[in-house]
Amino acid sequence: IAEKKPTVVFVLGGPGSGKGTQCANIVQHFGYTHLSAGDLLRAEIKSGSENGTMIDDMIKEGKIVPSEVTIKLLQKAIQESGNDKFLIDGFPRNEENRAAFEEVTKIEPEFVLFFDCSEEEMERRLLSRNQGRADDNIETIRKRFKVFLESSLPVIQYYESKGKVRKIDAAKPVEEVFESVKAVLKAKDE
Ligand code: UP5
Ligand code: MG
């Protein structure tokens, strides 16, 4: 059966740039389903799956989990949602993630929301989050920043070269960031 391909927006930005916070706002106003790759991986650890220990070890080191694991979780969530519009938050994180997702799903993003924020501000936010995340300690935060610069920024640059990046100043207060986000999403509907 020929199914219509879903609409996908990738939501990217460094650790603590506000991806999850802004996705929650977008969901309330624009009818997307929010899929955080990190949340799906953390749920997989909790479920006691056979991959759980490997995923847990990688997250504690700030490393990127193999594409096939993350893509399977995303595909399952897409199928189970019943929706056709998705915010994919925190994925793809490297070139291999990006190529594998395209190859397996044949989906290309409509555009990429890029939350741009200084490391200093992101570090401050992560250290004061207090939600018990295993990776919110200064040692792991430094590793996450390094992986972001080395592996994830090139993905953003790839989409930039295709004219697909909508860059948002994410260092401002939450409400102001959301005003910029709304402007991008409204422009899409016009
Ligand atoms: N906050 C938010 N916005 C603010 C603002 N404008 N002003 C002041 N404070 C603001 O926000 C972080 C904190 O800042 C919160 O306390 C918030 O209230 C405050 P949040 O919205 O949670 O930021 P977010 O960008 O979502 O930060 P997060 O820590 O989730 O980003 P990461 O990209 O580091 O985490 P993720 O969960 O995506 O990935 C975690 C790990 O999983 C990765 O390191 C990796 O090991 C693994 N992973 C993979 O391997 N593959 C994947 O595809 C995805 C993840
Ligand atoms: Mg998040």
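Mentor: Start with strand β1 (residues 7-13): 5 bridges join it to strand β3 (residues 85-89), and the two run parallel. This is a predicted model, where local features need pLDDT of at least 70, side-chain atom pairs count only at pLDDT 80 or more, and totals for chains, interfaces and linings use all residues. Residues are numbered from 1 along each chain as its sequence is written, while chains are lettered from A and ligands numbered from 1 in the order in which they are written.

Terms next. Strands (E, at least two residues) and helices (H or I, at least four) are DSSP runs, numbered from the N terminus. Two strands pair if DSSP finds at least two bridges between them.

Now the partners. Thr 7 has Lys 85 as its bridge partner in β3. Val 11 has Asp 89. Towards β4, 5 bridges join the strands, again parallel. There, Phe 10 stands opposite Val 112. β1 is mostly covered, with 6 of its 7 residues buried. Buried means 20 or more other C-beta atoms within 10 Å of the residue's own, exposed 12 or fewer, and partly exposed in between; C-beta atoms are placed from the backbone.

Step back to the sheet. It is open, has 5 strands in the order β2-β3-β1-β4-β5, and pairs in parallel. β2 (33-36) and β5 (165-169) stand at the edges with a single partner strand each, so one side of each lacks a neighbour in the sheet. Neighbouring strands are turned by 20° against each other on average, direction ignored. Axes are lines fitted to C-alpha atoms, for helices over the stretch in contact, and angles run from 0 to 180 degrees between N-to-C directions.

Follow the chain out of β1. Gly 18 is found in the loop between β1 and α1 (19-30). Gly 18 is buried, because 24 other C-beta atoms lie within 10 Å. Leaving out residues up to four places away in sequence, Gly 18 touches Phe 115, Ala 170 and Val 177. Contact means C-beta atoms, placed from the backbone, within 7 Å.

The ligand comes last. 30 residues surround ligand 1, and Gly 18 is among the closest, with Pro 15, Thr 21, Gly 38 and Gly 90. A residue counts as near if its C-beta atom, placed from the backbone, lies within 6 Å. The elements giving two or more residues to this shell are α1, α2 (37-46), α3 (52-60), α6 (119-127) and α8.

How values were computed
Two residues are in contact if their C-beta atoms, placed from the backbone, lie within 7 Å.
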